[in-house]
Amino acid sequence: MRRLFLAGLVLACLAAPRVQAEDALNPPRWQSEGVFGTYDKAALQRGFLVYQTVCAACHSANALHYRDLDGIGFSTEQIAALAAGVKLSSGPATLDDGFKNPYPDPAAAAAAFGGAIPPDLSTIVAARPGGTRYVYNLLTSYAAAPGDLALLPGHYYNTAFPGQQIAMPPPLKDNQVAYADGVSASTAQEASDVAAFLTWASAPNLDVEKEIGLRAVLFLVFLSFIAIATKRKIWRETV
Amino acid sequence: MSEISKPWLQARFPLLDSFRSTMTAPVLPREKPYLACLPILITGALVFQLLSGLVLSLFYDPADGFDSVQFIDRNVNYGWLIHGFHETGTTMIFGAVYLSLFRALWLRSYKAPGEILWFISLAQFILLLVIGYLGYVLADGAVSYWSLANTVSGAFSLAGLPGGLGVWFFGGPDGAGTLPRLEVFHAVLAVAIFGILLLHFAAERGLAPRENRGVGLHPYYTSQIFAAFVVYALIFAVLVFFAPHLGENPLNRGPANPLVLPVGVTPPWYLLSISNVGHAFPGTLGSVFAVVGRLALLFALPWLDRSAPAKPPGFLHKFLVFVLAVDTILLSLAAMHGPSLLGSILTVIFTAYYFFHFVVLLPLTTALEAR
């Protein structure tokens, strides 16, 4: 009976990732979720494309440098080419430049958006309850305002945003970017990918963290068995 | 045995001999539980905390607090790991401290002759709360920025001595000079706590009964402490790597913004039970009264407990201590996600129960059990 149960468990574990790979949008799922989650580099690279084409037009990500992008699987040459395409006031960006801030100072950003400064995206997933899922929901929950609601000037109705009125216009639409890997760029897919990228931006060390963590925990589990057994053996000799 | 027939080093450096005989002298009681290792584990964890804090302080810049923490996390080699050690180390230390306070209440070890040891543990607890709060403020996030602003303006609104203390400690209204100042206090107090730990071990050693046929520290208690240490390290590793920001307000991981007040200015879990008590009373003076009252009751415990010193704790006492622990946890949870109507009502109820326990229930039940 127990063996059957174990076999079932193993099968379930094997089957689970396959189900996930089929459709990660209904319901939305990310590989980085969960205790043993790691990043899906393909999704991160697609997300970076969305970030660079859409988000970076208004949002800064001051804690990130172009060199950090090797963490999402780009080679140094690819990053150098990417950076060279970004025009800073000092000329084309290099690997060691920070991500370009679209506005020279917060006052300029505030003036451009009627006082609502687009928040810095470096830690946005870490700094919002719900994290990745919140960003995805925010990007996909624009709707027509209910008839009895008078929106503030320059605001849009968004059911995922606290207060339901957000100053950011709906940023994503279908086929706004063309993915190199042929994934169809629906709004939901773009939102999912950019949420994955922003998760990486908030916690770039997640993969290493899980790897070191697994080794440390396994080692300490064995060590604690040995330590407790030693203690019991030593104490048995007292009487 | 003449001096010269001893091994070369022992004849010339007898310290090793006396160290060995101290380590193995069979004077310790048999059968101390694993939880009796907590003070040693806390000491070890504080040393580790001091070391990780030392590394962080090399890169931390109070003039640019939030950005320098980001720099540590992203650009310093293994900075994220050291930062994680420091952050989760705090959680582990407070977990151990709360557990040992609970154990003292449960076993009634604050009764004579343990009063001084109890005061020392409370002083250590309060100092840790202050250090923990300062560390939280140094993160300079969207929430802790406002927490500091509220604390400083609260301190300044008090008249007389408490207000004077506020001026002295914070050095003026919340501004560019505040964080550099608090960084120094954070570090100095973190070193000062080892003085209190020294007192703690001296008091504990003085109180411990010397056994005629006991066991030695080595190998009996060293093996026990090692086992306790490894289990502690295991829990630590699980939290560091798989639940790194346990019990923190996620909003605090965004940058401080002087123009945006976050929805809930809630501290990390280990400060919640103290800060929520403050919210149960109106006004700055009410908060100060509540927090001071809460801690003062713990100091009054040896006298509030009317039982005879040597009497083992009865069932009713244990039950009430357990309820008090549940009350403290619920009080922490009540306003964890910011203010709400239900949260405010529950906070008042749980705070009221805390005071009711110490002022009414405890003297009454212990007097009843003593008869």
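This is a predicted model: local features need pLDDT of at least 70, side-chain atom pairs count only at pLDDT 80 or more; totals for chains, interfaces and linings use all residues.
When neighbours within four places in sequence are left aside, the contacts of A:Asn158 are with A:Leu138, A:Ser141, A:Tyr142, A:Gln164 and A:Ile166. A:Gln176, by comparison, is 18 residues from A:Asn158 along the chain, and the C-alpha atoms of the two are separated by 20 Å.

Chain A is assigned two domains, of which domain 1 comprises 24-64 + 99-204 and domain 2 comprises 205-239. The centres of these two domains of chain A, taken over C-alpha atoms, are separated by 42 Å. Contact between them involves six residues of domain 1 of chain A and four residues of domain 2 of chain A, and the side contributed by domain 1 of chain A divides into four nonpolar residues, two polar and no charged.

The domain assignment of chain B likewise gives domain 1 (33-258) and domain 2 (266-371), with 22 Å between their centres, again taken over C-alpha atoms. Here the contact takes 28 residues from domain 1 of chain B and 21 residues from domain 2 of chain B. On the domain 1 side of this contact in chain B, α5, α6 (115-138) and α7 each supply at least two residues, and the largest share, nine residues, is that of α6(B). The composition of that side is 16 nonpolar, eight polar and four charged residues.

Between the chains, the contact is formed by 29 residues from chain A and 25 residues from chain B. On the side of chain B that touches chain A, the elements giving two or more residues are α4 (65-75) and α10 (217-242) of chain B, and α10(B) provides the largest share, 14 residues. The residues of this side of chain B comprise 18 nonpolar, four polar and three charged.

The largest nonpolar core contains 95 residues, and those that touch the most other members are A:Leu44, A:Val135, A:Val194, A:Phe197, A:Leu198, A:Trp200 and B:Ile93. Helix α5 (residues 79-107) of chain B gives the most to this core, contributing 11 residues. For A:Leu198, the contacts beyond four places in sequence are A:Leu121, A:Ile124, A:Val125 and A:Val135. A second, separate core consists of five residues, among them B:Ala334, B:Ala335, B:Phe350 and B:Tyr354.

Within chain B, the axes of helix α7 (residues 142-157) and helix α8 (residues 160-170) come within 7 Å and cross at roughly 140°, so α7(B) is oblique to α8(B). The residues that make this contact are B:Val152, B:Ala155 and B:Phe156 of α7(B), together with B:Gly163, B:Gly166 and B:Phe170 of α8(B); they divide into four nonpolar, two polar and no charged.

Helix α3 (residues 38-59) of chain B holds B:Phe48, which is partly exposed because 17 other C-beta atoms lie within 10 Å, a count between the limits of 12 or fewer for exposed and 20 or more for buried. B:Phe48 and B:His86 are 38 residues apart in sequence, and their C-alpha atoms are 8.4 Å apart in space.

Key
Residues are numbered from 1 along each chain as its sequence is written. Chains are lettered from A and ligands numbered from 1 in the order in which they are written. Two residues are in contact if their C-beta atoms, placed from the backbone, lie within 7 Å. Helices (H or I, at least four residues) and strands (E, at least two) are DSSP runs, numbered from the N terminus. Ala, Val, Leu, Ile, Met, Phe, Trp, Tyr, Cys and Pro count as nonpolar, Asp, Glu, Lys and Arg as charged, and the others, Gly among them, as polar. A nonpolar core is a set of buried Ala, Val, Leu, Ile, Met, Phe, Trp, Tyr and Cys residues joined through C-beta atoms within 7 Å. Domain bounds come from an automatic or database domain assignment. Axes are lines fitted to C-alpha atoms, for helices over the stretch in contact, and angles run from 0 to 180 degrees between N-to-C directions. Angles under 35 degrees count as roughly parallel, over 145 as roughly antiparallel, 65 to 115 as roughly perpendicular and the rest as oblique.
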